[in-house]
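Biologist: I am new to this model and would like a close look at a single part of it. Please take one chain and go through its elements and contacts with care.

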Amino acid sequence: MMENQNRLEKLFQKKKDHVLNVYCTAGFPRLDSTIDVMKSLEENGADIIELGMPYSDPLADGPVIQASSMRALRNGMTIKKLFAQLKDFRKSISVPVLLMGYMNPVLQFGFEEFCKDAAAVGIDGLIIPDLPIYEFENEYATIIKKYNLDFIFLVTPETEEKRIRRLDSLSSGFLYAVSSSSTTGKDKDFESVKNYLYRLHDLNLKNPILVGFGIKDKASYEDACQYANGAIIGTAYIKSLENSDDVQVSTQNFLKNILN
Amino acid sequence: METYTTPTDQGYYGEFGGAFIPEMLYPNVEELRRKYLYIMSDPSFRDEFVALLNDYVGRPTPLYLAQRLSSEHGVNIYLKREDLCHTGAHKINNTIGQILLAQRLGKKRIIAETGAGQHGVATATVCALMNMECIVYMGKKDIERQAPNVARMKMLGAKVVPALSGSQTLKDATNEAIRDWINNPVDTHYIIGSVVGPHPYPDMVARFQSVISEEIRWQLKEHTGKEFPHYVIACVGGGSNAAGAFYHFLDETKVKLVAVEAAGHGIKTGMSAATTQLGKPGVLHGSKSLVMQTEDGQVVEPHSISAGLDYPGIGPLHANLFKSGRAQFLSATDSEALAAAFDLAKLEGIIPALETAHALAALNQMRFTPGETVVICLSGRGDKDLAAYMKAMDEKV
């Protein structure tokens with residue numbers, strides 16, 4: 001079994017701001033493009049890769065990411081195939097990689113099997129938005145810990161302070177601040193969430209904070225980075241891959257526009 | 001004593017239930033969880049709920065001894081006439097309850113999902129009654145095949161939004177409604193139409209529908225001198241009419257409970273909606289239950305001639321009744337259901353909904369001791385299914 005390298009922890013030790021996490025859907029745009037997409041993300045400046053496992057009923061995702069999931073499923077993507085694709089990815093990719101997905105496919109795979117295989121190929125952590133606190137603590141936290149995986153919870157502007165602290169204490173790696181109560185891909189007036197990010201900052205949480213949902217260009221990325229340790233981009237990047245013939249060129253262009 | 005009616009504080013019926021929701025939904029669902037029992041037990045709420053059920057919905061609905069059907073099967077069959085409720089089915093018991101709850105929570109905007117359109121119509125109806133904005137999510141395919149109910153909803157002032165994602169049917173309409181709720185967390189209440197969804201929905205909807213079995217008990221006592229039948233039979237998709245018909249008998253284990261699922265073309269044909277036969281434990285629409293899915297955990301599209309039973313999951317209360325053996329689960333195919341609908345029409349002068357026809361079809365699969373008492377929940381009327389019935393008549397001729 002591959003040892004957890006605590007890549008997230010090390011990353012945030014040396015980089016306190018402008019940490020860029022980019023989401024991509026496994027098996028999208030083509031079944032076999034997963035590794036190419038990940039490589040080009042690392043080469044072009046992504047600090048963290050959030051790899052989405054496609055699901056038929058993704059409740060927290062907007063139309064763009066849903067469509068990418070449907071396409072990946074039509075391409076034939078499964079968790080089994082994903083782990084086969086990821087078998088040797090640590091030979092070429094060194095940034096932290098998180099698996100993001102929903103409970104049902106993970107339960108079907110077998111929660112412990114899933115954690116075991118994820119750790120074995122070199123995955124660093126998990127984001128499972130429909131795994132809530134009660135079930136996490138009751139049943140799954142010990143398994144996740146056993147395989148030394150980070151687990152990242154979400155907080156929203158409506159989350160009360162006491163609950164934020166609890167979610168922070170249960171998370172490791174970072175805390176995922178949803179910029180508003182919304183599915184992915186919704187445009188947000190950033191002014192309206194500034195106070196929320198100030199508030200999060202002032203809580204002195206143990207985890208770094210990355211802002212997700214609604215980051216689509218350089219301006220919104222810079223806004224987010226001003227008030228948090230970094231940002232997560234998903235929908236805008238997936239959109240740029242929708243009609244792409246060459247994921248490397250598309251990724252390079254997309255990240256150039258964000259980072260330069 | 002073990003109870004089958006009431007889940008734990010966290011919403012578990014045995015191993016099934018819970019609230020598997022993203023954090024964005026937490027404040028809404030938590031508000032409901034903290035307040036629903038308190039609001040529902042408030043005397044002013046009870047009074048208003050009961051008054052509307054009586055004067056607006058037309059409750060109590062009759063418990064009717066179906067004599068010709070009874071003599072066919074050699075038992076005493078009572079039909080609980082939910083088909084006589086306003087809007088034509090039991091669905092309105094729940095929407096009346098939830099709209100009163102939404103008012104007390106200060107919500108201004110109502111969203112709902114619908115498959116065949118019965119729950120959509122029942123929701124649009126109570127929104128008109130209470131002058132509240134109503135948005136109903138309905139799969140694009142269902143909108144095309146259920147035109148009369150779409151027209152009803154529009155006439156009642158509701159906005160019908162096509163669900164374009166996934167397979168464009170009930171499960172996707174439910175996803176879209178949940179996404180709407182995520183994006184409108186403050187002013188909106190989501191009226192779920194069945195005993196599915198995250199806790200507290202399954203318990204809340206079961207309580208609103210429990211009026212069905214509450215009435216059956218006293219009505220049966222009036223008819224027969226005994227409040228407990230030998231059998232209660234109901235059809236199950238998500239399971240709201242069955243939850244209501246079973247509720248006050250769940251912990252009376254001498255009453256045998258029979259849940260009838262839609263076998264579609266047949267359990268093993270790949271065109272079925274019999275979740276307990278084909279499903280595996282999983283998470284769908286916010287709760288852990290039995291779910292029809294692929295080996296890889298992708299939710300599959302079920303099939304039934306009855307849109308109301310065409311759902312790849314089942315309420316966690318029912319999953320627990322199945323797992324524990326408290327209820328017997330049978331299934332009826334599309335053609336068995338059609339035949340049972342025609343039988344009831346000819347024997348009793350009642351045209352049932354296709355959903356209900358599945359419960360009636362189960363009579364032919366069961367062995368009774370002569371003289372036993374059987375209650376069947378006649379959950380809805382068949383007006384909405386006339387196209388399917390006309391097609392069946394054409395094919396026979």
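Modeller: Arg33(B) and Glu30(B) are about one helical turn from each other, because they stand three residues apart in helix α1 (residues 26–40) of chain B; helices here are DSSP runs of H or I with at least four residues, numbered from the N terminus. The model is a predicted one, in which local features need pLDDT of at least 70 and side-chain atom pairs count only at pLDDT 80 or more, while totals for chains, interfaces and linings use all residues. Residues are numbered from 1 along each chain as its sequence is written, chains are lettered from A and ligands numbered from 1 in the order in which they are written, and side-chain values use heavy atoms, without hydrogens and water.

The side chains of Arg33(B) and Glu30(B) meet in a salt bridge, at 3.0 Å from N to O; the term stands for a side-chain nitrogen of Lys or Arg within 4 Å of a carboxyl oxygen of Asp or Glu.

An automatic or database assignment divides chain B into domain 1 (12–53 + 91–205) and domain 2 (58–88 + 210–396). Their contact (heavy atoms within 4.5 Å) takes 37 residues from domain 1 of chain B and 37 residues from domain 2 of chain B, and the C-alpha centres of these two domains lie 22 Å apart. Together the two domains of chain B bury about 2,900 Å², of which 62% is on carbon and sulfur atoms, buried area being the accessible area (1.4 Å probe) lost when two parts are put together, summed over both. One salt bridge is counted between domain 1 and domain 2 of chain B.

Turning to a pair of helices, the axes of α5 (residues 118–130) and α7 (residues 147–155) of chain B come within 9 Å and cross at roughly 10°, which means that α5(B) is roughly parallel to α7(B), a label for angles under 35 degrees. Axes are lines fitted to C-alpha atoms over the stretch in contact, with angles from 0 to 180 degrees between N-to-C directions. Gln118(B), Gly120(B), Val121(B) and Ala124(B) of α5(B) make the contact with Asn149(B), Arg152(B) and Met153(B) of α7(B).

Chain A and chain B bury about 3,000 Å² between them, 53% of it on carbon and sulfur atoms. Two salt bridges are found across this interface of chain A and chain B.

Methods:
Helices (H or I, at least four residues) and strands (E, at least two) are DSSP runs, numbered from the N terminus. Angles under 35 degrees count as roughly parallel, over 145 as roughly antiparallel, 65 to 115 as roughly perpendicular and the rest as oblique.
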